[in-house]
Amino acid sequence: MREWSFRGLTLMVLIASLVWSSNFEACIARRGKHWRQNRDVSASLYKKKGKSHGNKQNNHHGGGSSHSKPKPPSSPPHYKITPSPSSSPPSPPFPKPKKGSPPSGSPPKSYNGGHSTTFNVLDFGAKGDGKTDDTKAFQAAWAAACKVQASTMLIPADYVFFVGPISFSGPYCKPNIVFQLDGKIIAPTNPNAWGRGLLQWLDFTKLVGITIQGKGIIDGRGSVWWQDHPFANPIDDEEKLIVPLNNSVKRPPVPAQSELGGKMPFMKPTALRFYGSFNPTVTGITIQNSQQFHLKFDNCNGVLVHDVSISSPGDSPNTDGIHLQNSKDVLIHSSKLACGDDCISIQTGCSNVYVHNVNCGPGHGISIGSLGKDNTRACVSNITVRDVNMHNTMNGVRIKTWQGGSGSVQGILFSNIQVSEVQLPIVIDQYYCDKRTCTNHTSAVALQGINYERIRGTYTVKPVHFACSDSLPCADVTLTSIELKPLQEQYHLYDPFCWQTFGELRTPTTPPIACLQIGKPSSNRVQIDHDLC
């Protein structure tokens with residue numbers, strides 16, 4: 001009995017031990033499961049902290065919690081994540097965007113004090129469809145750009161903007177504004193848009209550091225002006241020297257009619273003008289079919305023009321390419337100029353002008369003048385024109401003055417000019433007259449220190465035409481390496497002509513220019529104070 005009792009007691013103790021051990025392992029297993037689950041949730045929260053942080057419904061799994069998904073916030077809050085020591089360092093945080101900055105993924109813009117410095121005309125209501133009048137949108141965009149230094153007024157590519165007469169004016173605009181022309185601007189051909197006539201179409205006045213740049217086009221659509229007043233345009237005096245062999249000279253075709261069949265005003269505008277501006281720059285753009293002058297600088301200092309294309313038909317009247325007046329320190333280079341009048345005309349008040357690497361033609365060549373009209377005083381000095389190609393132009397390099405004027409032209413160099421089929425490559429005309437007849441006067445603009453060197457190519461009428469004043473002959477005219485060969489096409493050919501022209505032949509010339517008088521004029525009168533510049 002005792003033996004059974006002992007065995008029974010031992011068996012009971014063994015069974016109790018087994019039961020206790022099983023319960024202990026189950027407890028340990030449940031504890032480990034909950035601990036791993038809590039750690040996984042903590043890691044998940046760490047990874048998704050940006051979506052859950054700041055929400056009032058915390059998603060804790062220990063201690064019995066709701067499994068409902070929290071609502072995301074309306075906008076992600078800004079916070080700083082502190083990683084565990086074992087994790088890799090995060091990327092540098094993005095800076096907080098400034099007020100007014102573009103949304104993520106949008107193209108970057110320039111900013112100045114939190115405000116954009118680029119003013120797109122489309123943002124101011126321009127349509128750019130070539131029909132809607134975008135003048136007011138251009139005015140509004142300019143008014144905004146005018147207030148910001150170094151701002152950009154953008155005329156975007158792939159749009160055609162119909163713009164009437166407009167002034168982009170200072171003097172209260174900030175400096176260094178960029179007029180970024182990548183699209184196309186066209187002028188009205190309706191007479192009503194011009195009233196009784198205006199002198200300018202696109203006018204930039206009293207600005208500092210203004211730049212017009214881009215690959216865009218300014219189109220004056222000038223044919224309606226050229227046809228409406230075919231006899232109102234002055235004739236070029238050198239046309240009188242050109243005598244056709246027969247009637248082989250073709251008349252220009254009649255251009256298209258203006259809108260609504262109306263007649264354009266008698267006064268023609270310049271397509272693009274700068275007035276009273278300091279350091280203006282024009283580069284990259286094309287100006288075509290201007291109503292009158294294509295590009296004009298008046299009372300400007302520090303002018304820069306390069307890589308510009310100017311284009312209009314050779315028979316378009318009075319459509320000078322680049323017109324300079326009362327402007328100093330001018331640089332023009334690397335441009336193509338084709339027009340119906342002077343490729344470049346240099347008027348009174350100009351000094352320190354440097355032109356190089358320019359292609360000219362068709363047109364009337366590169367001219368200084370006309371000067372001294374209506375008995376006025378003209379002053380031009382220190383002009384250099386070099387490395388120029390001229391093809392199919394009326395003149396090559398020319399100086400033209402009216403009788404009765406005063407003042408002087410001095411310090412002029414024409415160098416390395418290549419002419420091809422040019423009617424009159426070298427011209428001085430002190431009897432210039434754009435009318436059928438003009439009154440004779442004894443006073444004249446004085447010409448002194450005119451230098452021609454390395455002018456080569458072919459001519460179709462006359463190689464040299466020097467017509468200087470009787471009372472004030474041309475002095476110090478030098479000729480070096482002149483090689484001009486005749487090419488008879490449709491005009492009578494003439495020998496070199498000189499009248500009252502004094503100077504020096506530094507090398508033999510082709511053809512010989514025996515008419516130049518060597519030395520200085522003996523009866524050259526002394527200029528009075530009124531004549532001096």
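The numbered points below concern a predicted model.

1. Disulfide count and pairing. The model contains 6 disulfides. With the bonded cysteines of the protein chain numbered in sequence order, the pattern reads 1-2, 3-4, 5-12, 6-7, 8-9, 10-11.

2. Cys146 and Cys173. These two cysteines are joined by a disulfide with an S to S distance of 2.0 Å. The torsion about the S-S bond is -105°, and the link is left-handed. Cys146 sits in the loop between α3 (135-145) and β5, while Cys173 sits in the loop between β7 (166-169) and β8 (178-181), so the bond ties together parts 27 residues apart in sequence. Both Cys146 and Cys173 are buried.

3. Cys433 and Cys438. Here the S to S distance of the disulfide is 1.9 Å. The link is right-handed because the torsion about its S-S bond is about 80°.

4. Cys468 and Cys474. The sulfur atoms of this disulfide are 2.0 Å apart. The link of Cys468 and Cys474 is left-handed, with -100° about the S-S bond. Cys468 is buried at 0% relative accessibility, and Cys474 is buried at 1%.

5. Cys300 takes part in no disulfide; the nearest cysteine sulfur belongs to Cys350 and is 9.9 Å away. Cys300 is buried, with a relative accessible area of 0%. Which cysteine sulfur is closest to that of Cys339? The closest is in Cys343, at 4.4 Å, which is too far for a bond; the limit applied to a disulfide is a sulfur pair within 2.5 Å. Cys339 is buried as well, at 0% relative accessibility.

6. Nonpolar cores. The largest nonpolar core has 98 residues, and within this core Phe138 and Tyr452 touch the most other members. A second, separate core consists of 6 residues, among them Ile242, Met394, Leu424 and Tyr491.

7. Surroundings of Tyr452. Neighbours within four places in sequence are set aside here. The remaining contacts of Tyr452 include the aromatic residues Phe414 and Phe466. Also in contact with Tyr452 are Val397, Ile399, Ile426, Val427, Ile428, Val477, Leu479 and Ile482, together with Thr478 and Thr480.

8. Leu154 in strand β5. Leu154 belongs to β5, which spans residues 152-155. Which residues does Leu154 contact beyond its neighbours within four places in sequence? They are Thr118, Phe119, Asn120, Val121, Gln180 and Asp182.

Methods. Residues are numbered from 1 along each chain as its sequence is written. This is a predicted model: local features need pLDDT of at least 70, side-chain atom pairs count only at pLDDT 80 or more; totals for chains, interfaces and linings use all residues. Side-chain values use heavy atoms; hydrogens and water are left out. Helices (H or I, at least four residues) and strands (E, at least two) are DSSP runs, numbered from the N terminus. Contact means heavy atoms within 4.5 Å. A nonpolar core is a set of buried Ala, Val, Leu, Ile, Met, Phe, Trp, Tyr and Cys residues joined through side-chain atoms within 4.5 Å. Buried means under 20% relative accessible area, exposed over 50%, partly exposed in between (1.4 Å probe, protein chains only).
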